[in-house]
Every structure is written in C-alpha cells, then in structure tokens.
Amino acid sequence: RDSGLFSNEVRAILPVDDKTLWVGTVNGLNIIEGQDVTALPQQQDLPSPFISSLLHAPDGRIWIGTAKGLAFWKDEKLQVMDLQPFEQAEFIFGLYQQPDNQALWAASDRGLLRYDYATESLGLVGVDAGMPFDKYFQILADDQGFFWVSSNRGIVRIDSQHAKEVALGQR
C-alpha cells in the first residue's frame with residue numbers, strides 16, 4: 001500500500017506485453033509500469049473492487065474476474081458482463097482461455113460460464129445442466145478433450161465438447 005497498491009492483499013497478478021503488471025487486490029485493480037503504480041481507468045465501474053482473477057486474451061482483452069461479476073478492458077474501455085440471467089452468478093474465481101481462441105471460460109459461484117468470441121454471448125453450465133454443485137474455482141483442459149475443474153468439494157472432470165454444447169443451448 002505504501003507504494004500505491006489499493007491493498008496488500010493481492011489476489012491476481014498479470015504481466016502484460018512485458019511492460020505492465022496488472023495487480024488485482026481486494027480493494028481494486030492497479031497497473032504497474034516501471035516505478036509507476038496507477039489505478040485502472042473507470043475503476044468505479046468494475047462490478048466489485050475485489051479482484052479475484054485476471055487473464056490476457058489473444059485479442060487484447062484483459063478479462064477481470066471480481067467478487068460480483070466479470071468485465072474486460074479493451075481499447076481503453078471497460079465492458080461489464082451482465083451475469084444476472086445466469087442463475088445470478090457473481091463471484092468469478094478463475095479464468096481459462098481456450099487454445100483455439102473461440103471462447104473464454106470462467107469458474108464461478110454458479111458453475112462454468114462460457115463467453116463465445118464469435119457471437120459475443122455468454123452461456124452457463126450449472127447445476128440445472130447436471131453439474132454436481134455450483135461453486136468452482138479453476139478450469140484446466142487436458143489433451144483428451146476434458147475439463148478438470150476444481151471446487152471446494154473436489155475435482156470434477158467434464159467433457160469439454162458437451163460443456164460447450166450446454167453453454168450454447170444445444171443440449
């Protein structure tokens with residue numbers, strides 16, 4: 001805090017393009033460049049100052065997971081995603097970028113959210129779709145087409161193609 005961070009409790013760190021370091025704290029999002037520590041412009045428009053996850057997407061977006069929603073920063077603008085239609089999902093714990101760059105997945109307090117880059121739309125894979133519970137923390141993929149998803153109740157393995165179809169409303 002003495003150097004300008006919003007809090008000493010840091011929840012996410014993201015190096016971007018070898019010149020800046022984005023630091024998510026429980027009280028806001030800082031950007032460090034050299035010795036300068038600044039705040040994200042439009043900080044007040046974030047869903048919550050509690051930053052839980054950060055991810056730099058190949059299209060230049062910086063995804064920001066918070067305790068009350070999901071947003072991204074691109075072209076000097078903040079875009080907040082409306083999560084209310086998705087069982088009122090709020091807390092975004094972890095983010096996963098598909099290697100084919102078709103979608104971003106977010107582990108949330110209501111299941112897995114999928115953002116489709118082509119349609120710029122969100123979908124949910126939650127309890128209603130057969131997930132055993134609703135709170136998930138991180139998502140990883142293996143080479144056999146499965147997601148491995150951590151939770152406070154253990155690890156769940158799900159078929160990534162099936163999850164995609166559910167999120168797109170095809171199942």
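Strands, like helices, are DSSP runs numbered from the N terminus (E, at least two residues, for strands; H or I, at least four, for helices). Four bridges join β13 (residues 138-141) to β14 in an antiparallel arrangement, where two strands pair if DSSP finds at least two bridges between them. Within this pairing, Q138 stands opposite S150 of β14.

On its pairing with β15, β14 is again antiparallel, here over six bridges, and these two strands form a hairpin with two residues between them. F147 stands opposite I158 in β15.

## Helix α1

Helix α1 spans residues 160-167, and A163, E165, V166 and A167 in this helix are buried, a term that means under 20% relative accessible area (1.4 Å probe, protein chains only). The cover over these buried residues includes β10 (103-108), β11 (111-116), β12 (121-125), β14 (146-151) and β15 (154-159), with contact meaning heavy atoms within 4.5 Å.

At the N-terminal end, α1 is capped by D159, a side-chain oxygen of which lies 2.9 Å from the backbone nitrogen of Q161. After the helix comes G169, whose phi is positive, near 80°.

## Aromatic pairs and charges over rings

Eleven aromatic pairs are found in a search of the whole structure; rings of Phe, Tyr and Trp (its six-membered ring) pair if their centres lie within 6.5 Å, and planes under 30 degrees apart count as stacked, over 60 as edge-to-face and the rest as tilted. The rings of F72 and Y115 have centres 6.5 Å apart and planes at 55°, so this pair is tilted. This pair links distant parts of the chain, with F72 in strand β7 (residues 69-74) and Y115 in strand β11, 43 residues apart. F72 is buried at a relative accessible area of 11%, and Y115 is buried at 3%. The rings of F91 and F93, by contrast, are stacked because their centres lie 4.3 Å apart and their planes are at 20°. F50, F91, F93 and F137 form one aromatic cluster.

The charged end of R61 sits over the ring of F72, 4.5 Å from its centre, the criterion being NZ of Lys or CZ of Arg within 6 Å of the ring centre and within 35 degrees of the ring normal. R157 lies over the face of F146, at 3.8 Å from the ring centre.

## Basis of the values

Residues are numbered from 1 along each chain as its sequence is written, and side-chain values use heavy atoms, with hydrogens and water left out. For this predicted model, local features need pLDDT of at least 70 and side-chain atom pairs count only at pLDDT 80 or more, whereas totals for chains, interfaces and linings use all residues.

Terms used: Buried means under 20% relative accessible area, exposed over 50%, partly exposed in between (1.4 Å probe, protein chains only). A polar contact is a pair of N or O atoms within 3.5 Å; within protein, one must be able to donate a hydrogen and the other to accept it, and residues adjacent in sequence count only if both atoms are side-chain atoms.
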